Amino acid sequence: MRFRALPGFRDFYPEQMAVRRTIEAVWHQASRRAGFQEFDGPVLESLELFTSKSGPEIETQLYAFSDKGERRVALRPEMTPTLARMVGARAGGLPKPIKWYCVPQFFRYERPQRGRGREFLQWNVDVIGASEPAADAEVMAVAIDALRMLGLGEQDVVMRVNDRRFLRRMLQSIDVEEREEPEVLGIIDKLARDPAAAKRLEERLGEKRAREILGWCERMPLGRAEELESVLEACRDYGVEAYLEPDFKTVRGLAYYTGPVWEIFDRGTQLRAIAGGGRYDELIAAFGGPDLPALGFGMGDVVLRELLQEKGLEPEAPPRVEVFVVPIGPEMLGPARQVLARLRERGVSADAPYGGTKVGKALKAADLIGARRAVLVGPEEWAEGAVRVKDLASGQEQSVRLEDLE
Ligand code: HAM
């Protein structure tokens, strides 16, 4: 019987794992240099945590089941409810603002397609306890910072920004009732992707009001969007203004957002969103915690990798080891192992063949794994307590005493 990974799940062979680690390293670096601390929570949570506040989109995508204790549980599809739960439980003792980040793996039962899997990594950066728009702008700048580190500039990606309060106010101005809002927002959210959405909007609100909304979507009525002004201004200070594009169609699928919302796309808009975030000021209280404002974003690895690949920016796998140790003759296998142990002890990554002592073959292997130096262990030099170190790029060789080897 032959097994394969389940649909939508990925195997990470070493080359793919190396790319994943490079992306993760950039995420960690961008978070830490902006003063965020890493946290994590459980992979499995009670089902209700995710069904209560995230909205219907996530609910239908949950990997949910009953465990042996007959608890209804779900694999985490996102971090925000867990974060709200954890902060809510300890909020009193945590100095504000709380600046946390994480790089967890999530699971969503979606139809696997380009840019969407059933398992993915998502970098989360969140601030809790800050109502200032400067906090929204800061996390936006942190997201851009990571993309820049990966080589993506303002010519490659765009951040579309809107505000849920503004959306609501505009809908109220054309007499959309409060109870209709979630549905209408859901349709606006689909306008950019689903050609049938405009028709649905017209069916729901009539031609006149639908046309008004479609007009705002085509041309953001920025002059009326005072809710966004201070966030955009702070973004200017953070130097990410060139990435921004105010956009009425940006709503975000999740139900818990209450203020600024935003998404990052590739400029070619061929791909799904790379990242999305926003303010969710009511979520922590909704999970029984204190009334604390909160905001943040999630950036997935799937679309990001596709875009990096497309742009020829996919990080290269680093060399497996720095040094390859080559025994010259079978009696030198033991001494070569001793050299290997010494190098590793000194913190140098090194490898050597287990057996087989053809020097040419060993040097070829060294080249293949990207080693920068070969250490040749021959009988005469070994007798004098030395080895030959060869720079594999220049071909230069020199004798080095064992105690100086590093
Ligand atoms: P989200 O929009 O559901 O937001 O996901 C954010 C990003 O995760 C997406 O833009 C996409 O790159 C990636 N992503 C989502 N689903 C998949 C999938 N099935 N396959 C591959 N990538 C995917 C949230 O999850 C919010 N909790 C983010 C947040 C944090 N808001 C505030 N703090």
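Modeller: We will take the features one at a time.

Modeller: This is a predicted model, so local features need pLDDT of at least 70, side-chain atom pairs count only at pLDDT 80 or more, and totals for chains, interfaces and linings use all residues. Residues are numbered from 1 along each chain as its sequence is written, and side-chain values use heavy atoms, with hydrogens and water left out.

Colleague: Which residues touch the most other members of the largest nonpolar core?

Modeller: A nonpolar core is a set of buried Ala, Val, Leu, Ile, Met, Phe, Trp, Tyr and Cys residues joined through side-chain atoms within 4.5 Å. Buried means under 20% relative accessible area, exposed over 50%, partly exposed in between (1.4 Å probe, protein chains only). Here the largest core has 71 residues; Trp123, Ile188, Ile213, Phe248, Ile264, Met299 and Leu304 touch the most other members. Helix 5 (residues 133–149) gives the most to this core, with 10 residues. Helices (H or I, at least four residues) and strands (E, at least two) are DSSP runs, numbered from the N terminus. Another core, of 28 residues, lies apart from it, with Leu47, Phe50, Val261 and Val302 among them.

Colleague: What does Ile213 touch?

Modeller: Contact means heavy atoms within 4.5 Å. Leaving out residues up to four places away in sequence, Ile213 touches Leu171, Ile174, Val184, Ile188, Leu201, Leu205 and Phe248.

Colleague: Is Ser54 buried or exposed?

Modeller: Ser54 is buried, because its relative accessible area is 1%. Its place is in the loop between helix 2 (47–51) and helix 3 (56–59). A polar contact is a pair of N or O atoms within 3.5 Å; within protein, one must be able to donate a hydrogen and the other to accept it, and residues adjacent in sequence count only if both atoms are side-chain atoms. The Ser54 side chain makes one with the side chain of Glu78 (2.7 Å).

Colleague: Where does Arg160 lie, and which side chain does the Arg160 side chain contact?

Modeller: Arg160 lies in strand 8 (residues 157–163). Arg160 counts as buried because its relative accessibility is 16%. Its side chain makes a polar contact with the side chain of Glu245 (3.3 Å).

Colleague: Which residues make the contact between helix 6 and helix 7?

Modeller: From helix 6 come Arg164, Leu167, Arg168, Leu171 and Gln172; from helix 7 come Glu181, Val184, Leu185 and Ile188.
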